[in-house]
Each structure stands twice: as structure tokens, then as C-alpha cells.
Amino acid sequence: MVIQAGAIQAGQAAMLADLERRCIDAGLKMTGPRRIILQVLREAGDHPSVETVHQRAKEFDSSISIATVYRTLNILDDMNLVRRHEFNDNYARFETNLDHHYHVIDVATGEVQEFQDRKLEASIERIAAALGYELVDYKLELHGRKKTG
Ligand SMILES: [Zn+2]
């Protein structure tokens, strides 16, 4: 996917502005590279790695270094402005979708799909309650292979 500067649609622009505002509220200084990295993250639907974010950011500004991307993602993660996943890989992948959702990871391609399921959440909350816990957080990842035919 090639991202063109200035080609973001109004809805995405609003979401980007919201993310930027949350970063500023959290005390993050908004430099040019950070703005670009946020835009790349906001537009990504595929939970990109540091390397992928770097490749896309360079399309806007070729001077952005992988170290800057790495540092920025770590800061955003520390501030809970992005979510970091390990999935099945040995490297971290990032997303800005902080709404509760789950992932199905294709073991063959590494492709990640998101899903939500209220009934499943209710079941998990019920299980935690039955065990005497108030649920604070949980992780759920499905790893699968696409069915053929
Ligand atoms: Zn996700």
C-alpha cells in the first residue's frame, strides 16, 4: 500500500487529529517525524512491524531513521497510545486500535485479521467471576491455517 501525503480522507484525518491530540495531552512533543509515524500507524490496517512502519514513513520523509521509528513506537507504547503485539513472530507489531478486539493470525502468511465477539467476552467475564476474579485484562489470539476448498 502506497500512502500519499495529503491524500487522507476526512474521517481518517479526524482520527489522526484525535490520536495526535492524545499524544499531545500525554506530553509527547509533536515533531515532524512523529507526526508522520502517527499517520502511518493510523492508516495501517495490518499491525505493522517497526521495519514496515519505517518503510512507509520514508515515503513521506526519506530522512526518518529506523532508530527514530523504534524510539517513537516505544514511547507511544509506554504511554499506552499504541498497542504492541508479539503474535507468533519474534518481532513486535503495533496498532492504534485500542478498542477491545481479538486477532486471528494466519500461520502460513502472518496475515492478521481482527474480530469482536460480545458473547465470547461475556463468557470470559463469567469464567473470571466464577473463579472469584474481577477481570482486568486478557489476551486472546487465534492461530490458524486458511481452509482450502
Ligand atoms: Zn488489532
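By contact I mean that the C-beta atoms of two residues, placed from the backbone, lie within 7 Å. This is a predicted model, so local features need pLDDT of at least 70 and side-chain atom pairs count only at pLDDT 80 or more, while totals for chains, interfaces and linings use all residues. Residues are numbered from 1 along each chain as its sequence is written.

With that term in hand, take Val53. Leaving out residues up to four places away in sequence, Val53 touches Ile37, Val40, Leu41, Pro48, Val69, Leu73 and Phe94.

Now the overall layout. The protein has 5 helices and 5 strands; these are DSSP runs numbered from the N terminus, helices being H or I with at least four residues and strands being E with at least two. Along the sequence the pattern reads α-α-α-α-β-β-β-β-α-β. Of the contacts between residues at least 6 apart in sequence, 49% join residues at least 24 apart.

On burial, I call a residue buried if 20 or more other C-beta atoms lie within 10 Å of its own, exposed if 12 or fewer, and partly exposed in between, with C-beta atoms placed from the backbone. Buried residues make up 17% of the 149 residues in the protein.

Which residues have the most contacts inside the largest nonpolar core? They are Ile37, Leu41, Val53 and Ala57, in a core of 15 residues. A nonpolar core here is a set of buried Ala, Val, Leu, Ile, Met, Phe, Trp, Tyr and Cys residues joined through C-beta atoms within 7 Å. H2, H3 and H4 are the elements that give two or more residues to this core. H2 supplies the largest share, 5 residues. As background, nonpolar side chains tend to be buried together in soluble globular proteins.

Next, H3, which covers residues 50-58. Val53, His54, Arg56 and Ala57 are buried in H3. The buried residues of H3 pack against H2, H4 and S2.

Helix H4 can be checked for length. The expected span is 1.5 Å times one less than the number of residues. For the 13 residues of H4, 66-78, that gives 18 Å, and the end C-alpha atoms are 18 Å apart, which agrees. Which residues of H4 are buried? Val69, Thr72, Leu73 and Leu76 are. They lie on the same side of H4 because they cover an arc of only 100° around the axis, the arc being that of the directions from the helix axis to the C-beta atoms. Cover for the buried residues of H4 includes H2 (32-43), H3 and strand S2 (93-95).

Most residues other than glycine have a negative phi. Asn80, which follows H4, has a positive phi of about 60° although it is not a glycine. Asn80 sits in the loop between H4 and strand S1 (83-85), and it counts as exposed, with 10 C-beta neighbours inside 10 Å. His47 also has a positive phi, near 55°, and is found in the loop between H2 and H3. Is His47 buried or exposed? His47 is buried, with 23 other C-beta atoms within 10 Å.

Last, the sheet. Three strands form an open sheet in the order S4-S3-S5, with mixed pairing; strands pair if DSSP finds at least two bridges between them. S4 (112-115) and S5 (141-144) are the edge strands, each pairing on one side only. S3, residues 102-106, runs parallel to S5 and is joined to it by 4 bridges, with His103 opposite Glu141. S3 and S4 run antiparallel, again with 4 bridges, and Ile105 stands opposite Val112. The hairpin of S3 and S4 has 5 residues between the strands, and Gly110 there takes a positive phi near 80°.

That is the tour; questions are welcome.
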